[in-house]
Structures are given as C-alpha cells and as structure tokens.
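Hello,

Here is the structure we talked about. Please open it alongside this note, then read on for the findings.

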Amino acid sequence: MLRKKVGVIKQRGILFAALAASFWAISGILGQSLFTDYHFRADWLVSVRLFFSGIILLGLAKGWKKEAIFAPFKKKRDLGALLIFSVFGMFAVQLTYFKTIELSNASFATIIQYTGPFFVILYESFKQRKVPSFLTILLLVTTALGVVFIATKGEFTNLSISLGALVWGIGSAVSLAFYSLQPRGLLATYGSFVTVGWGMLFGSVFSNILQPMWRTSGTFTMGSVMSIFLVVTIGTALAFLLYLSSLQYISSSLASTLTAFEPLLATVFSIVVFSLPLTLFEVVGFLLVLGSILLIQKKL
C-alpha cells in the first residue's frame, strides 16, 4: 500500500514537471506566432511578459504562500543582488531567448538555450581551477557538433539561420547559465516565488525603459491578445508554478531532466504548427544536443 502511494506521488511530480516543460514550449511557439503573424517585437513581448508575470507570482507569494514579499528590501546587499539578477539574469534570459525566436524559430531558440548547463560547468571548472572531466569535454564537443548540424543543415560552409540568430542564441545560453548561478543565495533565503517574482517585476522596469509596452507596432486581434495572455499566464506563471510544485514530489535532478525535453516538444510543436521542415542533419543535431543535455543534467 505504501509503495503504491509513493508511486502515485512520484507520478504526480513527473506530470507536473512534464506539463511545465510543455507550457514553456508552447510559450515559445506562441511567441513565434506573435512575431511572424502579428508583427510584434521580441523586446515588446518581454516587457509585457515580465511585468504581468511578476505581478502574478508576487501575488501568489503573498496571497497563497503567505510569504513576506518585501523581505529582500531590508538588506541592501540582497536588494543589490536582486537588481543584478533582474537585469542580467531574468531580463537577459528572456530577451535573448525571444530575440532568437524572432530571428529564427522556437525550435532552434529552445535547443540552443538549453546548452546553458555547459557554461555553468565551464564557469565552475574555471572558478575551481579544475580541468573539466573527459566526459564533460566529450559532451561539450558533441553539443557543439549538434548545434553546427542544426545551424548549417549539413552545408558546413553556409548557415541555414542568420548570424544574428546564432549570436542571440549563444547569448541566451550564457544568460541561462548566469540565471542559474547568480541567485542561489537569494533563492535559499527568500524562496523562488519572491526572488523570481521581483526579478521579473524589476526586470520589466528596465525592459520598459528600452521598449515601453504601451508602444508597439504589432496588430491586436482576438488571436494575438489570446496568445499574449497565454504567454503570460500558462507559458510563464503556471509553468513556473507547476515546476516548483513538482519538486515537492520528485528530486530536482529528475525534474530538470524532464524539463530538458522542452526543446524536443518545441520542435514537435513547430513541425505541427508551422510545418517546420527538418533535414537529416538537423534531426541528428537535435538528438546529439538533447542527449548531451540529458547526460550533463546528472552532473549539476
């Protein structure tokens, strides 16, 4: 009976983590639709997404979790760290990701962003003055080879995507690494809802200075408004809530491994929604990168 109950609890955690990955992938697909079909810009969508998602998460922290959401304001050091996280972590990871989608597609943007863990390992190896293990180097080379396959479609003298998309994509991976490393102290002290909620809200202030959300060249229709609403709610707030909830039932390593399937889901959704054509080299590239990601998760 106990074993059956444990199994049910684990299945619930797996379901929550899988749904989070699915919703994040859907968010990328909706973003691509907003850029290609309704002519919105990535920086505008980031301003909107960060502002409203931040309010939602802080509202949940205060009303549901009963957390002291203004606690980080009491220590200048923590407030400073939170501001750094907001701009160079939260804002940067959102802008680089959606900018990559704008210049290429959700499938490519998601797969290249998920190479971020390798930058985490390389940073920690440099910090500890240790040479990465042979397995890490092998996986890094495998990932690089996979990205080359995807970016060139096997025509190694030409990029099948723009150079700008590749640069923004690499930037999104580096931003994800910073996003994963920098706020660890804040997360341990104030929790995920408060840290990420303020990170989003403060990040939206900086984002709106660069691109105010009340100024846009995009076309507002029932379809585009619904897509924006889903990006903010399901693709951000609910996905984050489900991922955090999954950690109550399964280990963080299993949860992160499950969410690593987001690139695969984004690719499947891109094929279905946008009829994305894939060459054999792209398929092999995706498999190389995804396999490396799943293996490297065990080292984090």
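**A surface patch**

I271 counts as partly exposed, because its relative accessibility is 38%. Keep in mind that this is a predicted model. I271 sits in helix α12, which covers residues 262–274. It also belongs to a nonpolar patch on the surface.

**Salt bridges**

Side chains of opposite charge can pair when their charged atoms come close. How many salt bridges does the whole structure hold? The search finds three.

One joins E124 and R184, at 3.4 Å from N to O. E124 lies in helix α5 (residues 116–127) and R184 in helix α8 (residues 184–190), so this pair ties together parts that are 60 residues apart in sequence. Both ends are partly exposed: E124 has 24% relative accessibility, and R184 has 46%.

Another joins E102 and K99, at 2.9 Å from N to O. Both residues lie in helix α3 (residues 76–103). They are three residues apart, about one turn of the helix. Is K99 buried or partly exposed? Its relative accessibility is 19%, and buried means under 20%, so K99 counts as buried. E102, at 23%, counts as partly exposed.

The remaining bridge is between D43 and R41, and its N to O distance is 2.9 Å. R41 has 38% relative accessibility, so R41 counts as partly exposed.

**Aromatic rings**

A pair of aromatic rings is described by the distance of the centres and the angle of the planes. The structure holds 18 aromatic pairs. Take F40 and W44 as one of them. Why does this pair count as stacked? The ring centres are 4.8 Å apart and the planes stand at 25 degrees. Planes under 30 degrees apart count as stacked, so F40 and W44 qualify. Both F40 and W44 are buried.

There is also a cluster to look at. Ring pairs link F70, F73, W198 and F202.

Finally, a charge over a ring. Which residue lies over the face of W64? That is K65, at 5.5 Å from the ring centre.

Best wishes

Conventions: Residues are numbered from 1 along each chain as its sequence is written. This is a predicted model: local features need pLDDT of at least 70, side-chain atom pairs count only at pLDDT 80 or more; totals for chains, interfaces and linings use all residues. Side-chain values use heavy atoms; hydrogens and water are left out. Rings of Phe, Tyr and Trp (its six-membered ring) pair if their centres lie within 6.5 Å; planes under 30 degrees apart count as stacked, over 60 as edge-to-face and the rest as tilted. Buried means under 20% relative accessible area, exposed over 50%, partly exposed in between (1.4 Å probe, protein chains only). A charge sits over a ring if NZ of Lys or CZ of Arg is within 6 Å of the ring centre and within 35 degrees of the ring normal. Patches are made of residues with over 30% relative accessible area and no salt bridge: like charges are joined within 9 Å, nonpolar side chains (Val, Leu, Ile, Met, Phe, Trp, Tyr) within 5 Å. Accessible areas come from the Shrake-Rupley method with a 1.4 Å probe; for residues, only the protein chains shown count as cover. A salt bridge is a side-chain nitrogen of Lys or Arg within 4 Å of a carboxyl oxygen of Asp or Glu. Helices (H or I, at least four residues) and strands (E, at least two) are DSSP runs, numbered from the N terminus.
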